[in-house]
Every structure is written in C-alpha cells, then in structure tokens.
Amino acid sequence: MSSVFEGKNISSIIVKLGVPAMLGQLATLIYNLADTYFVSLTKSADQIAAVTLCVPILLIIMSIACVFGMGGSSVIARQLGEGKKEESAKCLNFCIYSIALSGVLVLAAGLLVLKPAAHLIGADEGNLGYTCDYLKWIFLGAPFIMLSNGLTHSLRAVGLIKESTVGIALGNGVNIVLDWIFIVMLHMGTAGAALATSIGFLCAAVYYIACLIREQRQGNELIDLSPGSFRPAKPMVRNVTVIGIPGALITVMMSVSNIVLNNYIGIYGSDAVASYGIAYKIDMFPIMLSVGLSQGAAPLLGFCYGAGQEKRLGKAVRISIVYGMALGGVFTVLFMAFAEGFASIFLYEEGLISQTAHFLRLLCFHAPLLGIINMVTSYFQALGKAAGSLAITVLRNVVLFIPGVIVLNYFWKLNGVILTQLIVESVLTVICLIMYRISSPKRIMSVKTNKNIISHQSA
C-alpha cells in the first residue's frame, strides 16, 4: 500500500494517481455527453433542456455519497500515512454501509417530491413532463448512483486505483449502449436516458463490491465488509463528516448556483437553455479533467501530511497546479478555434449551433484557472482542513456567483449571465493563491507538530 505513495519521483506518482482519476472523470463526462447526444437525436429542444435542468439534481445525489466517499478517503489516506491500518479498515466499513443506507433514504424522499423538484430546478410547461420522466428513474437508481460514486473515492484511498477507474468505465460503457437502445430503438426519450444512467451505475456498484469481496478473501487487511463491523464510533463519524460534509456542499452549492443560472437563462427560452446546456457540457471536459487530477492527487497529499513530509507535500501541490493549468490552456485554444465544430456534433439548426459556439467561447477562458482553484480546494480537503475548502465553495457558488448572475444579467442580459463563471473564477483564483500562501505546507506542518507535542505532554 505505502509503495503507491512513497516513490521518490513526485511527478510520476501524480501521473500514476491522476491519470486513472482523470480517465474516470472523462468516462463520466462521455456518458453525460452520450445522454445529451442521443436525446438531441429527437430534435426536441424541450427534451434537451430537460436533461440540462436535471443535472443539478443528479449532482446533489452524488454529493451525498461524497460525504462518506470523499470524507472517508481523506481520513483513510491520513491514517495510512500514520500507519493506522486497523482504523482505516473500520473507516472504510463505516463509509460503505453509510452510503448504502443514505441511498435508500434518497430514493424514498425523491419520489415523494418529484414534481416540486422539477419546478424548483426551472422546468416550464413545455419540458415539465420530460423533466419528471428523467428524475423518476434517477431517484429509483439513487442507491446505486451513490454507491458507485462513493466507492470510487474509497477504492482510490486504499490503493485500488485501477479498479476505481475500471468501474467508472464499465458503468459508463453500459450507459452509452443502453442510451442507444432506449432512446434510438425504443424511443423512450429522457426517461430512457435516465434509466440507462441508473443501470450503468448499478453495474459499476456491483463491480466495486465484487472487487472489495475479492480483496477481503485475498487477505487485504484494509477491507472488512462484515455488517457486524459496522459500529461507527463518534470520533470516526466526526472525522469523516467534518471533511465529507463540506466536500458534499461543494457539489450541492454548485448545483444550487446552476439552478439559479438555469432559471435566469430560462428567461430567454428553451433554445437558450438547450444551447447553454450543450456549451456547458462541452466545457465540462477541462472541468472534469481538472477535478480528476486534483482528486487523484488528494490521497498523496493526505499521505504526505499524515507522514509529516512537508517538502513532498508542497512539491506535489505545485506540480499538480502546473499540470492543471497547462491542461486547461490546451482546451481554451481548442474551444476558441473549433467551437462551431464541437456544437454541430449535438445540434442541427444553424442558429442553435452559432449560439452554442458563442457561449462556449465565453466560457472557455476559465479553464486554466481551474488548475489552481480545484487543486487548492483538494489540498484543504486532503489535509482535513474543511474550513478552507468550504470557504472556497461558499465564495465561488454563493457570495460571488449568485449575485454575479443577477447583476450581470441586469447590465448585459444573456451574455452577462454566461460570463459570470469566468469573472467569478478570475477573482477566486487570486483568493485561492492567498489562502494557500497563508496555509502553506510549512505552516500547517508546524502547527501539526506543535499540537502533537502538546498532546504528548498532556498525556
């Protein structure tokens, strides 16, 4: 286990951890685009808009899993750095069963509030039926959606990096095939897209559980799936949720800001919502790859922190930021040059293609900034400093974004709404650099050392 994180070449470790996580995010994005592509074959702007409107709900469901997936991953990585393997096994067991129980609760609650939820996310008379069709199957699949997303982080934390990536690819591959069957062959529209999504996540969840059972049978001391071992102690619950809840709030707040954004774009009609939905999903390539890089590097950061390796921690953050910014820069150039070509993959009407390309060019300049924002956020999460990651999230999605949408819509109408993301993330990049400097590895390690000294003296 430790060999994954203890190599001498930091760059190669980041690549080894980051590339599978990025591929996993890429596979998720491809399935999301597949949903949009196959629904676009219906040539119905209302159905395309419905899929776009439902994205925040799907993200919220995933974020609940992240309370235990990301929170547990951070705790497990730091415990492994400290050599506490037994505690890591107990934490993993707690997280798996907590995700499963939460999934059942979300399923029940979601079906009870189906129509109000559709109205809340911005559905109108034209797309309400399609939106409800999509949400129904997403809520029915919630337990598997949550298990798949939570276990992705958990497996990565205990060193099952290849298995984590294979599971994502498997689930998304199944989803794409079923999209074609349900939407193209059976003409199920948005309901078919959501059903394909839920079955894809079911397959991924089954694969992850099979991998964990195999590891336990082979004597992996970090894996304990026994229901009798599900005995959450207060310190464990607190440690996981202190990191997991702020981590989940990142996605929840992003979903809330997207709901606000969709409602404002909806003022300009379903065509505007459909065009933005396509542009945003294309722009998700640099977003998701940046998230994958930062999530892949997170266990290394947590391990370095737990092991007291100050210099390796700082170097890992710096290298990850450089990689993230370079990756974002490549996508900015591609989107500026080929925006119409990307839009025409999903759309057929010249007016919608032109509008989507325009939106994509307004969005794409933020891509290099993601290398800084996502990595600094991941840095605080990996070290168990929940306040830092939560502060970035609140600033990004509440303090800056929502007022930004309102103000920019007033002055520049639809273009102002689309530009909000770039302006907010430009400001946030400066804030993140200041926060990282204040909470640099050297200062954080110094504080940790002093706390340990005080703790030993008290003992």
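Predicted model: local features only at pLDDT ≥ 70, side-chain atom pairs only at ≥ 80, totals over all residues.
**Helix crossing and aromatic pairs**

The crossing of α7 and α9 is left-handed. On the α7 side, the contact is made by Phe-144, Ile-145, Leu-147, Ser-148, Asn-149, Leu-151, Thr-152 and Leu-155, and on the α9 side by Ser-198, Phe-201, Leu-202, Ala-204, Ala-205, Tyr-208, Ile-209 and Leu-212. Classified by residue type, this contact of α7 with α9 comprises twelve nonpolar and four polar residues, with no charged residues.

Aromatic pairs in the structure number 13. One of them joins Tyr-207 and Tyr-208 in a tilted arrangement, with 6.0 Å from centre to centre and 55° between the planes. Tyr-208 is buried, at 0% relative accessibility, whereas Tyr-207 has a relative accessible area of 23% and is partly exposed.

A further aromatic pair, formed by Phe-285 and Phe-331, is stacked, with 6.3 Å from centre to centre and 20° between the planes. Phe-285 belongs to helix α11 (residues 270-306) and Phe-331 to helix α12 (residues 310-344), so that the pair ties together parts lying 46 residues apart in sequence. Of these two rings, Phe-285 counts as partly exposed at 21% relative accessibility, while Phe-331, with a relative accessible area of 12%, is buried. Elsewhere, Phe-68, Phe-94, Tyr-97 and Phe-230 form one aromatic cluster.

Note on methods:
Residues numbered from 1 in each chain as written. Heavy atoms only, no water. Phe/Tyr/Trp six-rings, centres within 6.5 Å; stacked < 30°, edge-to-face > 60°. Buried < 20%, exposed > 50% of the residue type's maximum accessible area, 1.4 Å probe, protein only. Helix = DSSP H or I, 4+ residues; strand = E, 2+ residues; numbered from the N terminus. Left-handed = near helix turned anticlockwise from the far one by under 90°. Contact = heavy atoms within 4.5 Å. Nonpolar A, V, L, I, M, F, W, Y, C, P; charged D, E, K, R; others polar.
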